[in-house]
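Dear colleague,

I am handing over the structure that we talked about, and I would be glad if you kept it open while you read the notes below it.

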Amino acid sequence: MKPTGEIVPCDFRLTLGRLTALACTSVIALTGCGSGDNDSETRKPNANAGLIPVAQACDGLFDEAIAKEAREPNGPSKVYPVKTEPTSHAAKALREESARRGAPEHLCTLTDKADGEELLAITVAWTPHSPPSARSVHYTTTTGPENAGRLLVTCDMDSGSGTQSGGGRSLEFDMRDYFTLSDHSHAKLLIASAKKVTSQLNCREDPEYPNPKDVAPPPDPRLR
């Protein structure tokens with residue numbers, strides 16, 4: 001998967017001439033080349049924020065323990081946040097989504113520098129799947145940086161909220177992690193993200209969130 005916020009190189013052709021190439025090069029940092037994708041435009045690196053400490057990433061989701069993991073052994077101490085809409089915007093989009101499976105809403109994306117490699121991303125979307133064993137929340141450990149963790153949260157919406165009621169609607173929170181954080185940190189970040197989102201939705205019943213250490217024990221510091 002390509003890093004978010006990546007500027008796609010222009011496909012220069014010899015017949016366009018050197019002038020066209022120079023013109024394209026001069027504006028690539030501002031507009032990019034090609035047709036222009038709305039999603040990439042809204043999720044480009046936030047130039048105003050610049051580099052921020054890892055502990056301030058994702059609107060306060062990172063605590064010092066997670067930030068310390070991200071910095072070890074050779075991780076960056078500062079990151080670029082990719083511009084995303086606030087949680088309230090994601091919650092509004094989810095309330096208005098009528099399908100049982102919608103496009104993911106981006107909650108947090110971090111890169112190593114402006115237009116650099118993706119380090120971490122958290123998304124949420126409706127899914128027809130439900131947590132097993134009649135639980136309202138279920139964390140799943142997955143493998144690989146592109147599927148670093150998944151959290152299913154039951155959230156049947158009240159009728160009249162703009163979504164289809166009933167049918168076992170759930171939210172699926174997914175994470176990509178190139179920091180290679182522990183499963184415990186994945187669980188903490190996903191549960192914290194889910195709490196922020198569901199607190200702004202009209203779930204018929206409040207999800208019963210587990211303690212992250214109960215679903216994924218903290219790592220042994222001697223193994224870091």
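This is a predicted model: local features need pLDDT of at least 70, side-chain atom pairs count only at pLDDT 80 or more; totals for chains, interfaces and linings use all residues.

Residues are numbered from 1 along each chain as its sequence is written, and side-chain values use heavy atoms, with hydrogens and water left out.

Confidence

The term pLDDT stands for the predictor's confidence in each residue, on a scale from 0 to 100. For this chain the mean pLDDT is 76, and 70% of the residues reach 70 or more. Among the elements of the chain, helix α1 (residues 17-31) has the lowest mean pLDDT, at 36, whereas α5 has the highest, at 96. Over residues 1-48 pLDDT stays under 50, and the model has 46 contacts beyond four places in sequence for that stretch, where a contact means heavy atoms within 4.5 Å. Residues 160-166 also stay under 50 in pLDDT, and for them the model has 20 contacts beyond four places in sequence.

Overall layout

The chain has six helices and seven strands, where helices (H or I, at least four residues) and strands (E, at least two) are DSSP runs numbered from the N terminus. Read along the sequence, these elements follow the pattern α-α-β-α-β-α-β-β-β-β-β-α-α. Of the 224 residues of the chain, 38% count as buried; buried means under 20% relative accessible area, exposed means over 50%, and partly exposed lies in between, with a 1.4 Å probe and protein chains only. Among contacts between residues at least 6 apart in sequence, 68% join residues at least 24 apart.

The sheet

In what order do the seven strands of the open sheet lie? The order is β1-β2-β3-β4-β7-β6-β5, with antiparallel pairing, and two strands are taken to pair if DSSP finds at least two bridges between them. The edge strands are β1 (52-53) and β5 (137-140), each of which pairs on one side only. As background, strands of a sheet pair through backbone hydrogen bonds, either parallel or antiparallel.

Helix α5 (residues 183-198) lies across β3, β4, β5, β6 and β7, running at about 140° to β7. Of the 16 residues of α5, 12 are buried, so this helix is largely enclosed by the rest of the structure; among them are L189, L190, I191 and V197.

Salt bridges

The structure holds eight salt bridges, each being a side-chain nitrogen of Lys or Arg within 4 Å of a carboxyl oxygen of Asp or Glu. In one of them the side chains of K196 and D59 meet at 3.1 Å, N to O, and this pair links distant parts of the chain, with K196 in helix α5 and D59 in the loop between β1 and α3 (64-71), 137 residues apart. K196 is partly exposed, with a relative accessible area of 28%, whereas D59 counts as exposed at 61%. R71 forms a salt bridge with E64, the closest N and O atoms being 2.7 Å apart, and both are partly exposed, R71 at 29% and E64 at 46%. The side chains of K113 and D112 also meet in a salt bridge, at 3.8 Å, N to O. Elsewhere, salt bridges that share partners join R150, E172 and D174 into one network.

With best wishes

Conventions
Axes are lines fitted to C-alpha atoms, for helices over the stretch in contact, and angles run from 0 to 180 degrees between N-to-C directions.
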